[in-house]
Structure formats: structure tokens, C-alpha cells
Amino acid sequence: MIEGFKVSSLVSSFEESATLALAAKAKKLLSEGKPIINFGVGEPDFVTDQRLIDRGALAASKGATKYTPVSGNPSLRKAIAERISSDYGVSYSAEQVIVSAGGKQAIYHFLQSVLEPGDEVIIFSPYWVSFPEMVKLVGGKPVILKSSADPVGALTKAITSKTKALILNSPSNPSGQMWKKAELEGFLKAIESRPIWLMSDDTYYTLTYQDEPWVSPLFLRPDFRDRTCVIGSSSKTYAMTGWRLGWALGPETLIQAMTKLQSQVTSSACSLAQAAVELAVGELHQEISSQLREKFRKRRDRMIAGLSKIKGLKWLEPAGAFYIFVDFSGAVPQGMTVTQFANELLEKVHICAIPGEAFGEPSFLRFSYALSEAEIDDGLGRLERTLKG
Ligand code: PLP
């Protein structure tokens, strides 16, 4: 940069998304002809269903090429309200929905709309990389708690007069773990007597693989609807990452505040994506989401079978999403950190997995299984040979 010009101290103070940065490095190596197996990707490898692509194209040819209302097309907001009301058993109206350019933007707008400088937001680790950085970005303070031992007790102890929100993400990126009913009940009880928002990031709620069903906090306490911001996204549920379409549901006053903010930031989400997602959350929801779930279930099983052959690794079986979070502390060569090992894996073995450091757990690596079964086998074969060698 020219002398005298510099990036603001705010932007300098937070980290670039580690997952996107490493994924970009892997893509670059791939474009140079390196045989990369990319376990770093946070997106389905499938192309969006052709009927959704056609719906977007049809909308364009019919003239839907203009700005939409700031909070989204009323018909899409209604379709999302109906989808969530039906899946969660809690009634939402279109006015309680805002459509944004991805779930990521909806989360940012939520945090910006409710936090004052210095307010604390409680986040369990391992966490999705962007949660703490976004909290910092809007002047808040992330308070990180371990999810392993007594999470309800840890939450109860961590609450202070500055606590403004609790973020839950189930199934979780990066671990694929889901909170159990009793844990959720404990969390809700811990915050109920205080003015603490609950942000429930349900980006992966349709991708679950256990007999034990996914539970939304709202199943247990529908009255929490007035203090909960539910985050959702078309990205993973319908394999639409590039369309950039996500949403938030919450009390009308919150949605109005987020809409005001969005009006000054992006004006609206993409008009064509909105048309396609209306078809996805409505008519095609069951078909597409269950197809994806079955595909990812197979890959998860393949991944677990492959990892089980490698000595020294530990993980908790993922109940959902498409990630497995693996403890490498017993496997990396002596004198090397897991993050250094991840860099070696990428540069020398051409396997990309994301260092757990980015998710608050430095002895882990996150593997995404949004890859073909042949790639999973190839990548895990390489990993096994490296660790043996
Ligand atoms: N929340 C979680 C937990 C995620 O993993 C992601 C994406 O990786 C998002 C939100 C945001 O997704 P998008 O902005 O593509 O809707």
C-alpha cells in the first residue's frame, strides 16, 4: 500500500477465514496440476439440482433482474416461514423472516443488531471459525467454553451481566456433533431469567445420520421464539453455496433492525437465487434434502471406515453435517504441531485438511467428506502411508 495508507485497526485485529484461505491454497495447487485431495472444502461437491437452476434462469428471462424488497421477496419469506414452522412445530410468519446473501451475512447482521461494544457472546468450542471473528468485528467479546465437560455447568458459570447472546450450532461445523435434549434444556434454563439472546445456527439441520433425531431448542421451549434468532441456509441443504442465499427468523423487532442494516449494506439478496430457493424450500425440499442426506451418510461411513484403519487417531462419530474432527495429538511426528503437520500434508502429500486451531482446538484437524468415495479412499490411503512412514 502507498505510504500513509493502512488497513483499519479493526480489520487488522481479526483473522481471515482459515478454512477459506487454506481451501484457496489447495485450489491453487490443484490448478498447478498437483493431485490434491481436498478434505478442506466446506461445501457439497454436487451441482445444484437442475430444476433449481432452471427456476433461476426462468426468473431471469421473465424480468426478475431488479432489486427485490430489502428483506426478500414476500413469497420466499412466506415459504421459509412455512418450512420452519412445519419442521420446528413453532409458528412463524413471513414478517419474522429476513433473507440475506448467505447464512453468514444473516449471522453478522444479527450480531450487529443486538450487541453493544464490550457485550459478551458465549460460544462453545470447537466452534465454526467465523463466530468469534464476527463477534469481534462488531465490537463484542467472544467467551469461549469447552463443549466436552459439563457444558451446562460451564455456561452457568460463564454468564455475567455483560452476556448478551449464546450461540449454538447443531449439528456442528467442525465436529458434526449435536447437542442432546438434556443439554439444550440445561442451556435454556441457564439463560431464561436473563436478557440473553439465543442464536441457533441450524445450517446443517437436515443433514443428520443418527437414530436419535435432531432437536431444536424451540422444540423444547417454544416460548424462546421471542428471544431466538434461527439461522438457516440454502448452501448445504440444497447444494447451493454459490447462490449466496440464507435467512434468519426471529421476533419482528429484530428482523426489522436487521432489515434496516441490510438496506444500507447490500440492499437485498440476489433476485435469481431467491426465485430458485423458493422452489427448494417449498416443493422440492423433501426430495433434495433427503437425497443429499443419504449421499453424505454413505461418505461419512466410508470416512469412518478409512480412519479406523489408521493408528493413533481419535474422533467423536459425527451425527450430522459433513465434517469429522480428528484428534491427531497421538499421531503427529514428535516435535511437530498438528498445524505444521497439516501444512506438510498439503505441500508434500497433497491432502488438504483444516487445522483445528481455527476452530479453537489445536490438536485436531477437520476433514470434510464432501468428496467422492474414490477421493476419500485415495486421501485416507495417503494419510495412512504418511503416518506409518
Ligand atoms: N454457519 C455454519 C456453521 C457454517 O458452517 C456456514 C458455512 O460454512 C455458515 C453458517 C454460512 O453458510 P452460507 O453463508 O453459505 O449460508
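Visitor: Why is Lys78 called partly exposed?

Guide: Lys78 has a relative accessible area of 47%. Buried means under 20% relative accessible area, exposed means over 50%, and partly exposed lies in between (1.4 Å probe, protein chains only). Lys78 is therefore partly exposed. This is a predicted model, in which local features need pLDDT of at least 70, side-chain atom pairs count only at pLDDT 80 or more, and totals for chains, interfaces and linings use all residues. Residues are numbered from 1 along each chain as its sequence is written, and side-chain values use heavy atoms, with hydrogens and water left out.

Visitor: What makes the contact of Glu82 and Lys78 a salt bridge?

Guide: The definition asks for a side-chain nitrogen of Lys or Arg within 4 Å of a carboxyl oxygen of Asp or Glu. For Glu82 and Lys78 the N to O distance is 3.1 Å, so the two side chains meet in a salt bridge. Both residues lie in helix α4, four residues apart, about one turn of the helix. Helices (H or I, at least four residues) and strands (E, at least two) are DSSP runs, numbered from the N terminus. Glu82 is partly exposed, at 46% relative accessibility.

Visitor: How do you know that Lys189 counts as exposed?

Guide: Its relative accessibility is 58%, so Lys189 counts as exposed. Lys189 also meets Glu192 in a salt bridge, at 3.3 Å from N to O. Salt bridges that share partners join Lys189, Glu192, Arg221 and Asp223 into one network.

Visitor: Why is the aromatic pair of Tyr88 and Trp214 called edge-to-face?

Guide: Rings of Phe, Tyr and Trp (its six-membered ring) pair if their centres lie within 6.5 Å; planes under 30 degrees apart count as stacked, over 60 as edge-to-face and the rest as tilted. Tyr88 and Trp214 are 5.3 Å apart centre to centre, with 70° between the planes, so the pair is edge-to-face. Tyr88 lies in helix α4 and Trp214 in the loop between β6 and α9, so the pair ties together parts that are 126 residues apart in sequence.

Visitor: Are Tyr88 and Trp214 buried or exposed?

Guide: Tyr88 is buried, at 4% relative accessible area. Trp214 is buried as well, at 10%.

Visitor: What makes Lys295 a charge over the face of Phe46?

Guide: A charge sits over a ring if NZ of Lys or CZ of Arg is within 6 Å of the ring centre and within 35 degrees of the ring normal. Lys295 lies over the face of Phe46, at 4.8 Å from the ring centre.
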